[in-house]
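Please examine the sequence and the three-dimensional structure shown below.

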Amino acid sequence: MSKVYVFDHPLIQHKLTYIRDKNTGTKEFRELVDEVATLMAFEITREMPLEEIEVETPVTTAKSKVLSGKKLAIVPILRAGIGMVDGVLNLIPAAKVGHIGLYRDPETLKPIEYYAKLPADVEERDFIIVDPMLATGGSAVEAINSLKKRGAKNIKFMCLIAAPEGVEAIQKVHGDVDIYIAALDEKLNDHGYIVPGLGDAGDRLFGTK
Ligand code: PRP
Ligand code: URA
């Protein structure tokens, strides 16, 4: 069963409050999402494997650590996931970026894939899917399906706010995918929006309606 990690760092929680606030405008919303994505990337990379190498300092030779292991790819779920990409790249600038385009049919709430482009070496990479919202979980489950279908083996899912229904949906279908969130909210409303949530993440990021 996949694990759920809630990042309760005070800076993440503080910024998330202003992201939720309906009076936060597009510019500030975008900046805050970017900052929280960086902070979450810092937490999510905590377990990255290290290896020891020798380095010549100006004084002597030292044994010191560098990252080892597989390379990373970040995959935003379009559109709203785009808002988290630069924040992650701030910390992991060498990561490749794939894209999965999905939208929720407003009637059925079912995700419909309209785009997928991943790095060529899918099987050699670890993936972090990013999307601000995990609501019914339909989009996340479909994005993970899409990555796995193309050969991805090691996938993490990172979002700002999750509903219990979305967490359950990933755990039910993709027990190997751990979930990293800034907040676990109460429930979904009748329109599939997270309560209390932050509204429509894509519209708030891009100033659309
Ligand atoms: C939002 C959000 C997720 C999805 C979550 O995207 O960014 O991708 O809904 O809902 P789910 O868990 O019920 O699938 P939306 O479909 O509104 O598209 P957008 O990013 O283009 O605004
Ligand atoms: N997508 C959003 O942007 N917000 C929600 O609350 C649910 C899905």
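At roughly what angle do the axes of helix H1 and helix H2 cross? The axes of helix H1 (residues 10-20) and helix H2 (residues 26-44) cross at roughly 155 degrees and come within 9 Å. This is a predicted model, in which local features need pLDDT of at least 70 and side-chain atom pairs count only at pLDDT 80 or more, while totals for chains, interfaces and linings use all residues. Residues are numbered from 1 along each chain as its sequence is written, chains are lettered from A and ligands numbered from 1 in the order in which they are written, and side-chain values use heavy atoms, with hydrogens and water left out.

**Helix packing**

- Two packed helices are described by the angle between their axes and the distance between the axes.
- Axes are lines fitted to C-alpha atoms, for helices over the stretch in contact, and angles run from 0 to 180 degrees between N-to-C directions.
- Helices (H or I, at least four residues) and strands (E, at least two) are DSSP runs, numbered from the N terminus.
- H1 and H2 are therefore roughly antiparallel to each other (angles over 145 degrees count as roughly antiparallel, under 35 as roughly parallel, 65 to 115 as roughly perpendicular and the rest as oblique).
- The crossing of H1 and H2 is left-handed; this term applies if the near helix is turned anticlockwise from the far one by less than a right angle, and right-handed applies if clockwise.
- The axes of H2 and H3 cross at roughly 45 degrees and come within 7 Å, so H2 and H3 are oblique to each other. Their crossing is right-handed.
- Helix H4 (residues 138-149) packs with helix H5 (residues 164-173) at an angle of about 30 degrees, the axes being 8 Å apart. H4 and H5 are therefore roughly parallel to each other, and H4 passes H5 in a right-handed crossing.

**The site of ligand 1**

- Ligand 1 is surrounded by 15 residues, of which the closest are Arg104, Asp131, Thr136, Gly137 and Ser139; a residue is near a molecule or strand if one of its heavy atoms lies within 4 Å of it.
- Strand S6 (99-104), strand S9 (133-134) and H4 each supply at least two residues of this shell.
- The shell around ligand 1 divides into six nonpolar, five polar and four charged residues. Here Ala, Val, Leu, Ile, Met, Phe, Trp, Tyr, Cys and Pro count as nonpolar, Asp, Glu, Lys and Arg as charged, and the others, Gly among them, as polar.
- An oxygen atom of ligand 1 is 2.4 Å from a side-chain N or O atom of aspartate 131. For serine 139, the distance from a side-chain N or O atom to an oxygen atom of ligand 1 is 2.5 Å, and for arginine 79 it is 3.0 Å.
- The protein buries 90% of the 500 Å² that ligand 1 exposes when taken alone (accessible areas come from the Shrake-Rupley method with a 1.4 Å probe; for residues, only the protein chains shown count as cover).

**The site of ligand 2**

- The residues around ligand 2 are Arg104, Met133, Ala135, Gly192, Tyr193, Ile194, Gly199, Asp200 and Ala201.
- By class, this shell has five nonpolar, two polar and two charged residues.
- A backbone N or O atom of isoleucine 194 lies 2.8 Å from an oxygen atom of ligand 2.
- A polar backbone atom of glycine 199 is 2.8 Å from a nitrogen atom of ligand 2.

**Cis peptide bonds**

- Leucine 78 and arginine 79 are joined by a cis peptide bond, with omega about -10 degrees. Arginine 79 is in the loop between strand S4 (71-78) and helix H3 (82-91).
- Valine 195 and proline 196 are also joined by a cis peptide bond, with omega about 0 degrees. Proline 196 lies in the loop between strand S13 (194-195) and helix H6 (201-206).

How values were computed
Polar contact = N/O pair within 3.5 Å; in protein donor to acceptor, adjacent residues only side chain to side chain.
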